[in-house]
Structures are given as C-alpha cells and as structure tokens.
Amino acid sequence: RPPSELVTPAAPANTPDLPPKRLAGFGTADLSELRAQMDEIVSRSPASPPVAEGDHLARAHNLSMHALTRKGQSREEIIDLLRRRELDEGDIQSEVSRLEAVGLINDYELAETLVQTLRDRKRWGGSAISAELRRRKIDGEAIERALSAAGDTREDELSRAREVAVRRAPQLRSLDPETARRRLSAFLMRKGY
C-alpha cells in the first residue's frame with residue numbers, strides 16, 4: 001500500500017499507554033482477525049505442561065551453575081537460592097550433594113579465600129572478617145579453621161590497624177584532634193579492629 005493508506009490501529013485495551021504503531025499491509029479488519037486467531041490458540045493450549053523430574057534437576061543445575069559463575073557460594077547460599085526458586089527439597093539436596101562431590105562448593109576453601117581477600121585487599125580486621133563470613137552463611141567450623149589457618153597474631157592485626165590508621169589520618173587533618181581521634185577510632189571499628 002502507499003504510505004497514505006497506512007493504518008494506525010488503536011492500542012489494545014489492556015495497554016492504554018502504548019503509542020499507536022503504523023503497520024503497513026494490515027487493515028483494521030486484518031488485525032481483529034489475527035487477534036481472534038491468537039485468542040483461540042491460547043484458549044486451546046494447556047495452562048502449563050507437566051514438568052518431568054529431570055527438568056527439575058536440570059533447572060537446579062542451571063541455577064546453581066549460574067550463581068557459581070558470578071562468585072563463590074557457600075553451601076547455605078546455594079540452598080537458599082534454590083529454595084527461593086521453589087524447588088523441591090529432594091532436588092535441592094541432590095544438587096548440593098553433586099556440587100560438593102565435584103568440589104564446586106567447599107565452605108572451608110571459600111572461607112580461606114575470603115579471609116585472605118578481606119585481610120589483604122580490604123585491610124579488614126578479624127572481627128569484621130568473621131562477621132562477613134557469618135553473613136555469607138559459611139559453616140562456623142570452616143570459619144574458625146580459616147581464621148586460624150591465616151595465622152594472624154595479635155601483633156599482626158595491630159600492625160595492620162596502624163597501617164590503616166596511617167593511611168586514613170591525612171583525610172582528618174582539618175578536624176580538631178579530639179574529633180579526628182573519634183572518627184579514626186570509629187573507622188577502625190568498622191574495619192574490624
């Protein structure tokens with residue numbers, strides 16, 4: 001059809017905010033007929049096909065693998081993720097067991113990695129590291145083992161706290177000494193010292 005004959009149908013009733021589209025080759029009668037055919041097809045199709053058991057396990061596998069490609073996950077984080085996706089407990093336990101068997105979930109290794117990262121890169125103290133590991137739902141025994149394996153003595157932590165304080169102090173120069181001390185103390189507490 002020539003551009004002068006293009007039809008601009010009204011937006012569907014359930015989407016009043018959509019701007020009208022110009023459709024070449026479709027008249028108003030054609031669109032009505034097409035909508036009627038689509039409604040008939042939808043009404044004849046079943047609401048949702050039954051899901052085979054293998055499909056549940058494949059879904060659990062896909063969800064867990066997607067989560068693990070983004071970052072390391074603890075056992076409880078994976079269980080929580082799968083529960084939020086409304087998978088059966090049997091499927092969840094099967095997937096978690098599979099992930100543990102192949103070594104993709106290991107709370108101790110995750111805790112060890114996080115201790116090293118938070119201590120060396122973020123310069124966090126022991127209490128902040130421990131709190132973060134608990135927030136990540138890592139097993140308590142794994143947390144204790146990872147913290148003790150790090151081998152930090154009280155002197156090591158005190159040395160890191162001094163280093164963090166020395167880096168932070170220049171930002172507090174404009175404040176009076178008491179306010180600077182208070183803010184530096186609060187900063188070190190947030191870092192876990």
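Modeller: Take helix α9, residues 177–190, in this predicted model. Helix α9 has 14 residues. At 1.5 Å a residue, they should span 20 Å.

Now the sides. Buried in α9 are Thr179, Ala180, Leu184, Phe187 and Leu188. Viewed down the helix axis, the buried residues fall within an arc of 165 degrees, so they line one face of α9. The face turned away from that buried side carries exposed residues. These are Glu178, Arg181, Arg182 and Met189.

What lies over the buried side? The cover of the buried residues includes α8, residues 154–168. The charged end of Arg168 sits over the ring of Phe187, 4.4 Å from the ring centre. Phe187 is itself one of the buried residues of α9.

Then follow the chain out of the helix.

For comparison, look at another charge over a ring. Arg145 lies over the face of Tyr108, at 4.0 Å from the ring centre. Ring-to-ring pairs are another matter: with centres required to lie within 6.5 Å, the count comes to 0 aromatic pairs.

Terms used:
Residues numbered from 1 in each chain as written. Predicted model: local features only at pLDDT ≥ 70, side-chain atom pairs only at ≥ 80, totals over all residues. Heavy atoms only, no water. Phe/Tyr/Trp six-rings, centres within 6.5 Å; stacked < 30°, edge-to-face > 60°. Lys NZ or Arg CZ within 6 Å of the ring centre and 35° of its normal. Helix = DSSP H or I, 4+ residues; strand = E, 2+ residues; numbered from the N terminus. Expected span 1.5 Å × (residues − 1). Buried < 20%, exposed > 50% of the residue type's maximum accessible area, 1.4 Å probe, protein only. Arc of directions from axis to C-beta. Contact = heavy atoms within 4.5 Å.
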